Amino acid sequence: MPSTPSEAEPLVAVLEEAPARRGRPPQPGLSESRRDQIVSSAIEEFAERGYEATTAAQVAKRAGVGLGTVYRYFDSKREILDQVMDRCLRELIDVVDAPALLEPPETLESLIGRIRALADALFGLVEDSPNVLKLLMVEASAIEDEFGRRVMRGEQVLAGLVAEVLEHGILGGWLRKDLDTNAVGHSIIAMTWPGLLRGLRVGQCAADRARYTDTIVALVSFGLCRPGADGQAR
């Protein structure tokens, strides 16, 4: 079975690859809710204007605070960006609900349901968190190679989770034993990317979301199943 991290570890692995935090350490007495408010406002501004075109003053205005308040919490716009990318990666990974996904399935139908739920959760970000997706999928690499690498690491975490689900399918006797679960895991996550990008650019309707999700499920159902699999654990 692939060495997929536990549900508490994937995000830690991604964030540990980030550079050492710039600027001052957290100061006693400063409100974490205010820090979160500034980061949330920065996500909106960076997604709408682009990182380079956004000023700290614009972030402050959207957050409803003075520029001096922003600099009480962050030394620079670049330090704000570090926190923004951490937040976006956390949301990307948390939306999948790793504990439920990795619970060993009892039937082939249950396993396929896990894959469907994962795909549906990712496509749900188009409606629920479009700015998070835009920063991760469009802006990150353009801002700095380092952020592109961090996004790729996030994709690797998601692919590893899928690989572990597929390993359960092999152990249950439903999926082919010769599957390269890591490669297939990456392929399944990669299949979501075009649909996510299209949703960001032209909008996503229920039919589009269902079509992409059904295609991913069909790959598992018809392309990966062992001939004669009866859907019951062995």
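1. A residue counts as partly exposed when its relative accessible area falls between the buried limit of under 20% and the exposed limit of over 50%. Asp36, with a relative accessible area of 39%, is therefore partly exposed. The model is a predicted one.

2. Asp36 forms a salt bridge with Arg87 through their side chains, at 3.9 Å from N to O. Asp36 belongs to helix 2 (residues 32-49) and Arg87 to helix 5, so the pair ties together parts that are 51 residues apart in sequence. Arg87 is also partly exposed, at 22% relative accessibility.

3. Helix 5 (residues 77-94) packs against helix 9 (residues 145-171) at an angle of about 15°, their axes being 10 Å apart. The crossing of helix 5 past helix 9 is right-handed. Residues in the contact include Leu81, Met85 and Leu89 of helix 5 and Phe147, Val151 and Val157 of helix 9. By class, the contact has 9 nonpolar, 1 polar and 5 charged residues.

4. A network of salt bridges links Arg78, Asp82, Asp86, Glu144, Glu146 and Arg150. Over the whole structure, the search finds 17 salt bridges.

5. Glu164 lies in helix 9 and counts as buried, at 13% relative accessibility. The C-alpha atom of Glu164 is 7.1 Å from that of Leu102, 62 residues apart along the chain.

6. Arg198 and Asp208 meet in a salt bridge between side chains, at 3.0 Å from N to O. Arg198 sits in helix 10 (residues 181-202) and Asp208 in helix 11 (residues 206-224). Arg198 is partly exposed at 37%, whereas Asp208 is buried at 11% relative accessibility.

How values were computed. Residues are numbered from 1 along each chain as its sequence is written. This is a predicted model: local features need pLDDT of at least 70, side-chain atom pairs count only at pLDDT 80 or more; totals for chains, interfaces and linings use all residues. Side-chain values use heavy atoms; hydrogens and water are left out. Axes are lines fitted to C-alpha atoms, for helices over the stretch in contact, and angles run from 0 to 180 degrees between N-to-C directions. Helices (H or I, at least four residues) and strands (E, at least two) are DSSP runs, numbered from the N terminus. A crossing is left-handed if the near helix is turned anticlockwise from the far one by less than a right angle, and right-handed if clockwise. Contact means heavy atoms within 4.5 Å. Ala, Val, Leu, Ile, Met, Phe, Trp, Tyr, Cys and Pro count as nonpolar, Asp, Glu, Lys and Arg as charged, and the others, Gly among them, as polar. Buried means under 20% relative accessible area, exposed over 50%, partly exposed in between (1.4 Å probe, protein chains only). A salt bridge is a side-chain nitrogen of Lys or Arg within 4 Å of a carboxyl oxygen of Asp or Glu.
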